[in-house]
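Reader: I would like to learn how to read a protein model, going from its surface to its strands and its core. Could you take me through one, step by step?

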Amino acid sequence: MKEYLTTYTKVPFNTFDPDEDKISDINLLVFDEYGRLEKSIWMDTDITSRCDMALTAEKKYRFAACVNFGYKIDLKDASELEQLKYHLAYPDEYKKGIPMYADSGYILIRNESPVHLKLIRLMSKISIRIDRSRLDDNVSIDVTSVKICNCPKSSYVFSAGKAESHD
């Protein structure tokens, strides 16, 4: 009896899972209490988690950040944030990190007080989990494809997400 060696070549998906901790670029926008742009910072290399700037104490500011967009954002007024739209290009764009944003709202700045911004993913994360508790140990499952339909191709960054039509 001859033995045959069978090999399987797994074809990878178009991209690896995006690195949710990777930050390749940051747009940091600081608006004064009247909504006018006070400071705009664009960093695309040598990114650190801390950014120092001089602001007037006892004054309100609004901090907005766009992360992993891949380009500099030019806004003059906080009212323009609501119209800022990002075009999603899965999967190719996410090698540089998942697009994220943060908005502090208007906060009062005290003397040398730090401002922390919580980054939020611009799109949902979808995970596939398989309950193997009722299967024998020698049973394996190969997922060959996953199809997710009706996903948006663009999103308003600082506006509430909603479908543009009932379709």
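**Surface, strands and core**

Author: The protein exposes about 13,300 Å², and carbon and sulfur atoms supply 49% of that area; accessible areas come from the Shrake-Rupley method with a 1.4 Å probe, and for residues only the protein chains shown count as cover. This is a predicted model, in which local features need pLDDT of at least 70 and side-chain atom pairs count only at pLDDT 80 or more, while totals for chains, interfaces and linings use all residues. Residues are numbered from 1 along each chain as its sequence is written, and side-chain values use heavy atoms, with hydrogens and water left out.

Reader: Which elements make up the protein, from the N terminus on?

Author: Helices (H or I, at least four residues) and strands (E, at least two) are DSSP runs, numbered from the N terminus. Here there are zero helices and seven strands, so that the order reads β-β-β-β-β-β-β.

Reader: What order do the strands have in the open sheet?

Author: Two strands pair if DSSP finds at least two bridges between them. The open sheet has five strands in the order E2-E1-E3-E5-E6, with antiparallel pairing. Strand E2 (37–43) and E6 stand at the edges with a single partner strand each, which is why one side of each is left without a neighbour in the sheet. Six bridges join E1 to E3, and phenylalanine 31 stands opposite arginine 62 in E3.

Reader: How many residues does the largest nonpolar core have?

Author: In soluble globular proteins, nonpolar side chains tend to be buried together. A nonpolar core is a set of buried Ala, Val, Leu, Ile, Met, Phe, Trp, Tyr and Cys residues joined through side-chain atoms within 4.5 Å, where buried means under 20% relative accessible area, exposed over 50%, and partly exposed in between (1.4 Å probe, protein chains only). The largest core has 16 residues, and those with the most contacts inside it are Val157 and Phe158. Strand E1 (26–31) and strand E3 (59–67) are the elements that give two or more residues to this core. A second, separate core of 13 residues includes Tyr61, Ala65, Ala102 and Ile109. Of the 167 residues of the protein, 25% count as buried.

Reader: Is valine 146 buried or partly exposed, and where does valine 146 lie?

Author: Valine 146 counts as partly exposed, because its relative accessibility is 44%. Valine 146 lies in the loop between strand E6 (120–121) and strand E7 (154–156).
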